[in-house]
Amino acid sequence: MAILSVSASSSCSYILTSPSSSSSSSSSAAAASSSPRPSFATSFSTSKTPFLGFSVGLSKGPYWAPTTSATTRLPVHGDNGRRSLLVRSQEVTRVPLDQRWMFEESEANGPDIWNKTWYPKAADHVNTDKPWYIVDATDKILGRLASTIAIHIRGKNLATYTPSVDMGAFVIVVNAEKIAVSGKKRTQKLYRRHSGRPGGMKVETFDQLQQRIPERIIEHAVQGMLPKGRLGRALFNHLKVYKGPDHPHEAQKPIELPIRDKRIQKQR
C-alpha cells in the first residue's frame, strides 16, 4: 500500500492513502488509529501531484492516519479510475495560547496562507475616522485642482487603497468663485442641462455659470473623475464646495490639502 504524506505550511496537515479497495482502507485506518503512531520510513522520494500542485513525500513504510470526519476521495490520474486517494485532514495548532490574542478567531490555528490578499473591513473605512482637508481655489487651474481632489476623495494616495471601497477623505473647497481656467475657456467652455421637456436644453458658458453658481463648476469637474454608480454617489458626498472663505466644518479641524502639482497655480 502506497502512502502519501503531505504536510502543508498552513494550519492543516494531510495524510493521503492509496487503498486498493474501500474495505482495506477502512480496516487499515482502524488499525492505525488503535496503534501508537510509528515513525515514517527514512527514505522519501519527491513526486508531483497534479491535484495538489506541490511536491509531497512518498513513503512505503508504516503510517499513521488521523481519525477525522473530513475525508475526500480523489481519483488517481492516469490509472483509468481503478485507484483513488483518500484525503484526511487534521487540525494542527500553530499559535501558542499566550499569543492568540493577536489573531482573530478564524486565525487561531495559524495564519491563513491561502488568502494573503488584504481587504479592508468595515472598521477600516468609518466616516468618523477619515481626515478632512481644505483647499483655497483662488487662482487654481480647474482641471488640476479637480484631479487632486478626486485622488484624495477616492483614497488613491493611501497604501490601503481599494477600488471597491470608500477609503478616501473629505475635502472642503473655499473661494470657489475664484477658480481659474487656461486659454479661452471662459467664453468657449459650455455647460449644458436639460429640463426633460422638448426644447428644454439650457446652455451657458463658463463665465456665465461662474457668476450664477460658482460651486457647480468644481462639483461638475470632480464628479466626472469619480466612478459612476453607487460608490461614486457616496464618494461625491465627501466634497464640500463653498463660495467665499467661510465654511461650517470647523469642528472637523480640516488640514491643508497636500498638492504636488506645481502647475496648479495660474501664472499671472
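Student: Is W132 buried or exposed?

Tutor: Buried means under 20% relative accessible area, exposed over 50%, and partly exposed in between, with a 1.4 Å probe and protein chains only. W132 has 13% relative accessibility, so W132 counts as buried. Bear in mind that this is a predicted model: local features need pLDDT of at least 70, side-chain atom pairs count only at pLDDT 80 or more, and totals for chains, interfaces and linings use all residues. Residues are numbered from 1 along each chain as its sequence is written, and side-chain values use heavy atoms, leaving out hydrogens and water.

Student: How many aromatic pairs does the structure hold?

Tutor: Rings of Phe, Tyr and Trp (its six-membered ring) pair if their centres lie within 6.5 Å. Planes under 30 degrees apart count as stacked, over 60 as edge-to-face, and the rest as tilted. The structure holds 1 such pair. The ring centres of W132 and F170 are 4.4 Å apart and the planes lie at 5 degrees, so the pair is stacked.

Student: Which strands hold W132 and F170?

Tutor: Strands (E, at least two residues) and helices (H or I, at least four) are DSSP runs, numbered from the N terminus. W132 lies in β7 (residues 132-136) and F170 in β8, so the pair ties together parts 38 residues apart in sequence. F170 is buried, with a relative accessible area of 9%.

Student: What follows β8, and where is N175?

Tutor: N175 is found in the loop between β8 (170-174) and α3 (185-188). N175 is buried, at 8% relative accessible area. Contact means heavy atoms within 4.5 Å. Not counting residues up to four places away in sequence, N175 touches D136, A137, T138, Y242, G244 and P245.

Student: How do I read the span of helix α2?

Tutor: The expected span is 1.5 Å times one less than the number of residues. Helix α2 (residues 142-154) has 13 residues and reaches 18 Å from first C-alpha to last, close to the 18 Å expected. Its buried residues include L142, L145, I149 and I153. After α2 comes G155, with a positive phi near 85 degrees.

Student: Where does M201 sit, and how exposed is M201?

Tutor: M201 is found in strand β10 (residues 201-205). M201 is partly exposed, with a relative accessible area of 43%.
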